[in-house]
Amino acid sequence: MKNPPALELTPAELFLNRELSLLEFNRRVLAQALDETVPLLERLKFLCISSSNLDEFFEIRVAGLQQMAEINPAQRGSDGQTPGELLTAIGTRAHGLVEEQYRVFNEVLIPALEKEKIRFVRRSEWTAEQDAWLRSYFQNELAPVLSPIGLDPAHPFPRILNKSLNFIVSLSGKDAFGRSTPYAIVQAPRALPRLIQLPKTVEGSGPHDFVFLSSVIHAYVDELFPGMEASGCFQFRVTRNSDLALDEAEADDLLEELEDVLAQRQWGDTVRLEVAHNCPEQLVNYLAEEMQLQAVDIYSCNGPVNLMRLMQVPDLIDRPELKYPAFVPRTPKSLGGDLFATIRQKDQLLHHPYDSFTPVVEFLRQAARDPNVLAIKQTLYRTGTKSAIVEALIEAARNGKEVTAVVELRARFDEEANIDLAEQLQDVGAHVVYGVVGYKTHAKMCLIVRREDTGLKHYAHLGTGNYHPRTARMYTDYGLFTADKQICQDVHAVFLQLTSLGKVTKLHKLLQSPFTMAKGFHSRIDREIENAKKGKPARVVAKMNSLVEPEIIQALYRASEAGVKVDCIVRGMCSLRPGVKGMSDNIVVRSLIGRFLEHHRVFSFHNDGADEVWLSSADWMERNLFRRVEVAFPVEDKKIRARILEDLNGYLADTAQTWILQADGNYLRPEKIEGKAVQQRFMDET
């Protein structure tokens, strides 16, 4: 009987739920705000990041589940739960997470910041001089741009912008026309600062005293309603469905269609209501009814309804001892001159952020200015504003190079920026395409064609992360420069797929989604299984952002059952259930949270001692393997391969920043924390 026990289990026993796993990731991020080994202002940032992550979770994940619950309420996911069951479970955990966020803010971070003379001054603590200064600030800077709306038949409940700051005000008395209006809404324009720093010259103020915009509006809201009395003023915020409903097949021009759809993003269906913790139940119910939300969708906030706005605080405070020490990435000496000569000699690896992203930019700049370079082809998923990469491509086009850019317009929350860069490139004569209808282009590739004495020569850069200089300083990623003929031919073939309508060409070395990548990884896992059955050492090490694809997970279960040692380093979502007897005894799943966002995708297969190492833009998710254009590329240089394997061993040995996934879906820290964090070790090596 060859049927493995794992396949006889129920879906709930086989798979952890991906959405609940993502909430667990946010809990691990929040835990960094409690870690006293992390500098204080960085701990505040981790609180902000956990809040921002939760916003996106509701905008995309919860919004999608709510739609599924309406369209197909009986549909069950890979873990066996219906959308309704999952929404209930999410509600329970998300409410607990939000409660913990505000506990950390109020009971841990605020007291710690106050010890460092960084204060968020409450209304009850304002001195007479501060009160006078803030009243003047309200009258001169805030009141002129606020438009209170009394709610009556002539003034219906206004449309509330996604994630905007608003106030519901309860009123008594009559206005100038004799009208009695019980409620009013005050919307705070996004142009207004959410934090106001008190000048040190105001008596009673310290060097870093801040007041929340919500406190100032609350304090002087009466002045917006002359002759009436505001008996209550309570902040609230609404989260809306922000996933774009775009029918690509029906779009004549994807860019124009996307521009139209983007305008609707701020007005999607309501998903969540955040409201001040002291708001009366009657007002909360009134808001919920207006937003068509249930009790589970209402979140009580004991503090500012958008904690992410606190992210600006560290930038306003010059206290280096309360932040991570400055870190300057290294630039490998080998990449300091003629990059084409260097790459022609042998492959070159960059490990960001420990290695500078500058050589990648310089690669394109040299290509733009080199009279022997004929063509540049580039994928652009996220680049950031005022991108040096885009500037180099524009320069290349102006210098007469044949520039082709595959711009992924549908990169979530970067759509507007990508529309702008696409138009910039088109304006200088570059060829701009938007990939393949129905498939996001997520591959990270650059190909340069150069005329040399021996004929045309190709040079490629392949990466695990975006061509984004800013995130390259915060995300861990690998980038490989190569002039390998077959790899460059493969990259050229993929670009042809993206820009023309030709059929899929068989690739020499690359694995490509949606065609060969899943099969390629399955065949390598199966090879480890066969080696284990023959009594040979067998091992898989896989590092990625998310692991949720059911067939890959079941392949890893089969590998574990056969005796293959499987180590997974998964930053975020993980549906694999490790440590189950007879199914996943030989699988350990780690998640590492630290100063930098772990982002590279690395896959190592022992291969009977002839280790294979693959780098990729793709996680082991259904979308990456089957609904996106992705590439995985082999690391063939022995020294580079050994370096990456050593890096992986460093991750596996880390206890300082590591969490271990348990069979029940919870994550625990190792009992014994020893040595430096792996990220710190990499920094020390620069």
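Rings of Phe, Tyr and Trp (for Trp, the six-membered ring) are taken as a pair if their centres lie within 6.5 Å. By this rule the structure, which is a predicted model, holds 23 aromatic pairs. A pair of aromatic rings is described by the distance of the centres and the angle of the planes.

**F120 and F210**
- The ring centres of F120 and F210 are 6.2 Å apart and their planes stand at 35°, so this pair is tilted.
- F120 belongs to strand β1 (residues 118-120) and F210 to strand β6 (residues 208-212), so the pair ties together parts that are 90 residues apart in sequence.
- F120 has a relative accessible area of 6% and is buried.
- F210 is also counted as buried, at 1% relative accessibility.

**F521 and W620**
- F521 and W620 make an edge-to-face aromatic pair, with 5.3 Å from centre to centre and 65° between the planes.
- This pair links distant parts of the chain, 99 residues apart: F521 is in helix α15 (residues 517-533), while W620 is in the loop between β24 (612-616) and α17 (622-626).
- F521 counts as buried, at 0% relative accessibility, and W620 is buried with a relative accessible area of 0%.

**Ring cluster and charges over rings**
- F327, Y354, F596, Y651 and F682 are linked into a cluster by ring pairs.
- Y651, one of the residues in that cluster, has K543 over its face, at 4.9 Å from the ring centre.
- R28 lies over the face of Y667, and its distance from the ring centre is 3.7 Å.

Technical notes: Residues numbered from 1 in each chain as written. Predicted model: local features only at pLDDT ≥ 70, side-chain atom pairs only at ≥ 80, totals over all residues. Heavy atoms only, no water. Phe/Tyr/Trp six-rings, centres within 6.5 Å; stacked < 30°, edge-to-face > 60°. Helix = DSSP H or I, 4+ residues; strand = E, 2+ residues; numbered from the N terminus. Buried < 20%, exposed > 50% of the residue type's maximum accessible area, 1.4 Å probe, protein only. Lys NZ or Arg CZ within 6 Å of the ring centre and 35° of its normal.
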